[in-house]
Amino acid sequence: MDTLNGVECRFLEFRFLPDQARLLRGKDEIDLSPKCFQFLSVLISASNAVVYREALFELLWNGRSVSDECLAQVVAQTRRTLGDSAARQRIVKTVPKLGYRFVPNVELITLKNQPVKEIAY
């Protein structure tokens with residue numbers, strides 16, 4: 001997640017501000033649980049690559065033994081918060097038997113509002 005330090009991530013109608021632990025839709029702040037925030041940070045940092053389930057368990061729960069249902073709840077809650085669903089998967093895509101990936105293009109903006117780069121997929 002260090003790759004997101006000092007930047008604002010823009011995708012679709014959202015602005016994700018990792019340093020401030022904030023997610024905005026337009027000017028409206030969206031509540032995001034800490035686990036969902038971590039999950040979204042990991043997916044965006046992966047630049048559209050698949051993030052494996054094992055890596056998510058390690059990153060989100062520090063290697064503690066938790067059930068698959070815990071991860072499924074985080075994914076479902078994140079999708080719901082972003083207006084996505086398991087049926088649509090326009091933002092969070094399930095990669096069967098492997099993990100998840102972030103679908104939209106992300107534009108990274110420095111905190112000084114100067115474009116850093118766009119992550120194109």
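## Basis of the description

The model is predicted, so local features need pLDDT of at least 70 and side-chain atom pairs count only at pLDDT 80 or more, whereas totals for chains, interfaces and linings use all residues. Residues are numbered from 1 along each chain as its sequence is written, and side-chain values use heavy atoms, with hydrogens and water left out.

An open sheet is formed by 3 strands in the order 5-7-6, with antiparallel pairing. Its edge strands, each pairing on one side only, are strand 5 (51-52) and strand 6 (92-95). Between strand 5 and strand 7 (residues 99-102), which run antiparallel, there are 2 bridges. Strands here are DSSP runs of E with at least two residues, helices are runs of H or I with at least four residues, and both are numbered from the N terminus; two strands pair if DSSP finds at least two bridges between them.

Helix 1 (residues 34-45) packs on this sheet and touches strand 5, strand 6 and strand 7, its direction making about 70° with that of strand 7. Helix 3 also packs on the sheet, where it touches strand 6 and strand 7 and makes about 150° with the direction of strand 6. Axes are lines fitted to C-alpha atoms, for helices over the stretch in contact, and the angles run from 0 to 180 degrees between N-to-C directions.

## Arg101 in strand 7

Arg101 lies in strand 7 and is partly exposed, with a relative accessible area of 24%; buried means under 20% relative accessible area, exposed over 50%, and partly exposed in between, for a 1.4 Å probe and protein chains only. Leaving out residues up to four places away in sequence, Arg101 touches Leu43, Asn48, Ala49, Val50, Ile91, Val92, Lys93 and Val95, where contact means heavy atoms within 4.5 Å. Arg101 and Ile44 are 57 residues apart in sequence, while their C-alpha atoms are 8.3 Å apart in space.

## Packing between helices

Two packed helices are described by the angle between their axes and the distance between the axes. The axes of helix 1 and helix 2 (residues 53-61) come within 10 Å and cross at roughly 135°, and the two helices are therefore oblique to each other; angles under 35 degrees count as roughly parallel, over 145 as roughly antiparallel, 65 to 115 as roughly perpendicular and the rest as oblique. Helix 1 passes helix 2 in a right-handed crossing, a term for a near helix turned clockwise from the far one by less than a right angle, with anticlockwise giving a left-handed crossing. Lys35, Gln38, Phe39 and Val42 of helix 1 meet Leu56, Leu59, Leu60 and Trp61 of helix 2 in this contact. These residues divide into 6 nonpolar, 1 polar and 1 charged, where Ala, Val, Leu, Ile, Met, Phe, Trp, Tyr, Cys and Pro count as nonpolar, Asp, Glu, Lys and Arg as charged, and the others, Gly among them, as polar.

Helix 2 and helix 3 pack at an angle of about 85° with their axes 11 Å apart, and are therefore roughly perpendicular to each other. Their contact is made by Arg53, Leu56, Phe57, Leu60 and Trp61 of helix 2 together with Asp68, Cys70, Leu71 and Val74 of helix 3, a set that divides into 7 nonpolar, no polar and 2 charged residues.

Arg53, in helix 2, is partly exposed with a relative accessible area of 21%. Apart from residues up to four places away in sequence, Arg53 touches Asp68, Leu71, Leu98, Gly99 and Tyr100.

Thr78 lies in helix 3 (residues 68-82) and, at 0% relative accessibility, counts as buried. Its contacts, leaving aside neighbours within four places in sequence, are with Cys36 and Phe39.

## Strand 1 and its partners

Strand 1 (residues 7-11) is largely enclosed by the rest of the structure, because 4 of its 5 residues are buried. Strand 1 pairs with strand 8 (residues 106-110) in the antiparallel sense over 4 bridges, and Leu108 of strand 8 is the bridge partner of Cys9. Strand 1 also pairs with strand 2 (residues 14-17) in the antiparallel sense, over 3 bridges, with Phe11 standing opposite Phe14 of strand 2. In the hairpin of strand 1 and strand 2, which has 2 residues between the strands, Leu12 takes a positive phi near 45°.
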